[in-house]
Amino acid sequence: MITLLTFAPAFGQPAASPFCVKAMMLLNMAGVEWTPEYLSDPRKMPYSKLPAIRVNGEIIADSDNIRLWLEARGAEFNQGLTRAEGLFSCIDPYGRRAPLFPRRL
Ligand SMILES: N[C@@H](CCC(=O)N[C@@H](CS)C(=O)NCC(=O)O)C(=O)O
């Protein structure tokens, strides 16, 4: 089971942070089982930010790293895109496909 470390729902959204919502969208699109764990203080996280996932005790922090982790396990987020579109795609914080700006890793 994947645990998503995230800020709690707020403002009518599933998390106060758009990056946490993005991670939720990635997990849903990947079709994996996950459960949220709500944190209010991210200072113990690797980058002092949320989201992160915890899998078998390992922490993967940053929504882009979560995407890469899911892709390494078979998730395909570029379905329906041409190869060229896929090279320039990412999922924006609202779960939509968006032009790729330089990834922050
Ligand atoms: N590059 C990170 C950005 C994550 C980020 O900026 N998270 C903010 C909330 S939107 C955060 O945790 N800030 C620290 C804080 O609120 O104390 C990602 O894509 O996951």
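In which strand is the place of isoleucine 60? Isoleucine 60 has its place in strand E4. The structure is a predicted model, in which local features need pLDDT of at least 70 and side-chain atom pairs count only at pLDDT 80 or more, while totals for chains, interfaces and linings use all residues. Residues are numbered from 1 along each chain as its sequence is written.

**Overview**

The chain has 3 helices and 6 strands. Helices (H or I, at least four residues) and strands (E, at least two) are DSSP runs, numbered from the N terminus. From the N terminus on, these elements follow the order β-α-β-β-β-α-α-β-β. The chain has 105 residues, of which 24% count as buried. A residue is buried if 20 or more other C-beta atoms lie within 10 Å of its own, exposed if 12 or fewer, and partly exposed in between, with C-beta atoms placed from the backbone. Of the contacts in the chain with a separation of 6 or more, 56% are between residues 24 or more positions apart. Two residues are in contact if their C-beta atoms, placed from the backbone, lie within 7 Å.

**The sheet**

Strands of a sheet pair through backbone hydrogen bonds, either parallel or antiparallel. Here, two strands pair if DSSP finds at least two bridges between them. An open sheet of 4 strands has mixed pairing and the order E2-E1-E3-E4. Strand E2 (34-38) and E4 are at the edges with a single partner strand each, so one side of each has no neighbour in the sheet. Neighbouring strands of this sheet are turned by 25° against each other on average, direction ignored. Axes are lines fitted to C-alpha atoms, for helices over the stretch in contact, and angles run from 0 to 180 degrees between N-to-C directions.

Strand E1 (residues 2-6) pairs with strand E3 (residues 52-55) in the antiparallel sense over 3 bridges. Threonine 3 has arginine 54 in E3 as its bridge partner, and leucine 4 stands opposite isoleucine 53 in E3. E3 is also joined to strand E4 (residues 58-61), by 4 bridges, and these two run antiparallel. In this pair, valine 55 has glutamate 58 in E4 as its bridge partner. E3 and E4 form a hairpin with 2 residues between them.

Helix H1 (residues 18-30) lies across E1 and E2 and runs at about 160° to E1.

**The nonpolar core**

In soluble globular proteins, nonpolar side chains tend to be buried together. A nonpolar core is a set of buried Ala, Val, Leu, Ile, Met, Phe, Trp, Tyr and Cys residues joined through C-beta atoms within 7 Å. The largest such core has 16 residues, of which Leu4, Cys20, Ala23, Met24, Ile53 and Ile66 touch the most other members. E1, H1, E3 and helix H2 (63-72) are the elements that give two or more residues to this core. H1 gives the most, with 6 residues.

Not counting residues up to four places away in sequence, cysteine 20 touches Thr6, Phe7, Ala15, Leu50 and Pro51. In H2, the buried residues are Ser63, Asn65, Ile66, Arg67 and Leu70.

Alanine 52 is found in strand E3. Alanine 52 and aspartate 62 are 10 residues apart in sequence, and their C-alpha atoms are 5.8 Å apart. Isoleucine 60 and leucine 4 are 56 residues apart in sequence and 9.6 Å apart in space, C-alpha to C-alpha. With residues up to four places away in sequence left out, isoleucine 60 touches Ala52, Ile53, Val55, Asn65, Ile66 and Trp69.

| Residue | Other C-beta atoms within 10 Å | Class |
|---|---|---|
| Alanine 52 | 25 C-beta atoms | buried |
| Serine 48 | 10 C-beta atoms | exposed |

**Backbone features**

Serine 48 lies in the loop between E2 and E3 and has a positive phi of about 60° although it is not a glycine. Proline 51 has its place in the loop between E2 and E3; the peptide bond from leucine 50 to proline 51 is cis, with omega near 15°. Asparagine 56, in the loop between E3 and E4, has a positive phi near 50°. Glycine 74 follows H2 and has a positive phi, near 105°.
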